[in-house]
Amino acid sequence: MTHQVRAVVARGKGAPVSLETIIVPDPGPGEALVKVEACGVCHTDLHYREGGINDDFPFLLGHEAAGVVESVGEGVTDVAPGDFVILNWRAVCGQCRACRRGRPWYCFDTHNAKQRMTLLDGTELAPALGIGAFAEKTLVAAGQCTKVDRAASAAAAGLLGCGVMAGIGAALNTGNVGRGDTVAVIGCGGVGAAAITGAHLAGAAKVIAVDIDDRKLATAEKLGATHTVNSKDVDAVAAIRELTDGFGADVVIEAVGRPETYRQAFYARDLAGTVVLVGVPTPEMKLELPLLDVFGRGGALKSSWYGDCLPSRDFPMLVDLYLQGRLDLDAFVTETIALDEVEKAFERMHHGDVLRSVVVL
């Protein structure tokens, strides 16, 4: 059996996305069919549309999603029809060398659904990050579904599927921010704002938000930043050092993904501090640092993959914090939109007008 549903498709590099009817197959072994309730519009979706990921067009966009399992294939035991789930793009295998060493958040063999969703003419679609959730229904590997409390808002919970989890995890998991630490976050878009939230959750004494947009800095304050720095007006490194008694921050999270902001992060940390790169650079970018400085400053230079999260561990915990009123995921939802408004949402994202537009079905 197959399902005909509406979905957002990117057919060519830079071309506006279109709302089309696609065909979604019933789940095979190890797969799950999910009725999508909400899906955030992430910058990665725009990268796909612009050809910045690869040129495997046409793409089925959307990956930051929550919904209800409609049916499952043979051998699926972790989720069942009726479960409210958040989708993730790193379904761990349990068998690779990272998983066998007890570090499944580094899984080197994550997997997706084997079957492909298609256009009406049979053309196979490439689902964004193996999910493709700007659709009424999507087919994923069952391991991409994490069951959480149904009481959570789908629009808010779905954001844990990518950007918000990446930011919170950069602080909690990769940066190991602890009580009393000083933390600086460079770049206060969706991921950076989530890193500020994560540092606040961890009990950081100072959380310094750095950006060139006063609107983003104002939002950062609402999410837990104790200080803000507009790096268009002042030197970010000097400002962070001044706010940390001249030493630099214990943890600096770079949420932009550019060489110049990474250098700021490197020199804005305390000796033996930690730099966390969660912003995603483009392939042509190069970083040059004096090797003596890398040696002499000690500490750790880390990259954060998806916030080094383990969905089965982190998603339910963060949803519980949300339901307890301790994690304001609703603050990340700037607007809710329909499926046919994704292209307009990309434009608002480009102008920095939103933390997240969320498609609600």
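Which residue in β8 is the bridge partner of Phe59? Keep that one in mind while looking around; the answer comes in the first point. One caution before starting: this is a predicted model.

1. The bridge partner of Phe59 is Ala126, in β8.

2. Have a look at the peptide bond between Phe57 and Pro58: it is cis, with omega at about 0°. Pro58 sits in the loop that links α1 (43-49) to β4.

3. **Strand β5 and its partners.** Is β5 (residues 64-72) largely enclosed or left open? It is largely enclosed by the rest of the structure, because seven of its nine residues are buried. Strand β3 (residues 31-40) pairs with β5 over eight bridges, in the antiparallel sense, and there Val36 stands opposite Gly67. Strand β6 (residues 84-87) is also antiparallel to β5, joined by three bridges. In that pairing, Val68 faces Phe84 of β6.

4. **The cores.** The largest nonpolar core has 54 residues, and the members that touch the most others are Ile196 and Ile253. Leaving aside residues up to four places away in sequence, Ile196 touches Val185, Cys188, Val207, Ala209, Ala220, Leu223, Gly224 and Ala225. Another core lies apart from the largest one; it has 34 residues, including Val36, Ala65, Val342 and Ala345. Val36 is the residue that stands opposite Gly67 in β5. As general background, nonpolar side chains tend to be buried together in soluble globular proteins.

5. **Thr197 in helix α5.** Thr197 is in α5, which covers residues 190-202. Is Thr197 buried or exposed? Its relative accessibility is 7%, so Thr197 counts as buried. Not counting residues up to four places away in sequence, the contacts of Thr197 are Leu223, Leu327 and Phe332.

6. **How α4 meets α5.** Helix α4 (residues 163-174) packs against α5 at an angle of about 45°, and the axes are 7 Å apart. The two helices are therefore oblique to each other, and their crossing is right-handed. On the α4 side, the residues involved are Gly163, Val164, Ala166, Gly167, Ile168, Ala171 and Leu172. They meet Val191, Ala194, Ala195, Gly198, Ala199 and Ala202 of α5.

7. **Helix α8.** The buried residues of α8 (residues 259-268) are Pro259, Thr261, Tyr262, Ala265, Phe266 and Ala268. What do they pack against? Their neighbours include the helices α7 (236-243) and α9 (291-296). The strands β11 (182-186), β14 (249-254), β15 (269-277) and β16 (300-303) are also packed against them.

8. **Two backbone spots to check.** Leu129, in the loop between β8 and β9 (137-141), has a phi near 50°, which is positive although the residue is not glycine. Asp308 has a positive phi too, near 45°, and is likewise not a glycine. You'll find Asp308 in the loop between β16 and α10 (311-323). With 5% relative accessibility, Asp308 counts as buried.

Key:
Residues numbered from 1 in each chain as written. Predicted model: local features only at pLDDT ≥ 70, side-chain atom pairs only at ≥ 80, totals over all residues. Heavy atoms only, no water. Buried < 20%, exposed > 50% of the residue type's maximum accessible area, 1.4 Å probe, protein only. Helix = DSSP H or I, 4+ residues; strand = E, 2+ residues; numbered from the N terminus. Contact = heavy atoms within 4.5 Å. Core = buried A, V, L, I, M, F, W, Y, C linked by side-chain atoms within 4.5 Å. Pairing = 2+ DSSP bridges. Axes fitted to C-alpha atoms, helices over the stretch in contact; angles between N-to-C directions. Parallel < 35°, antiparallel > 145°, perpendicular 65-115°, else oblique. Left-handed = near helix turned anticlockwise from the far one by under 90°.
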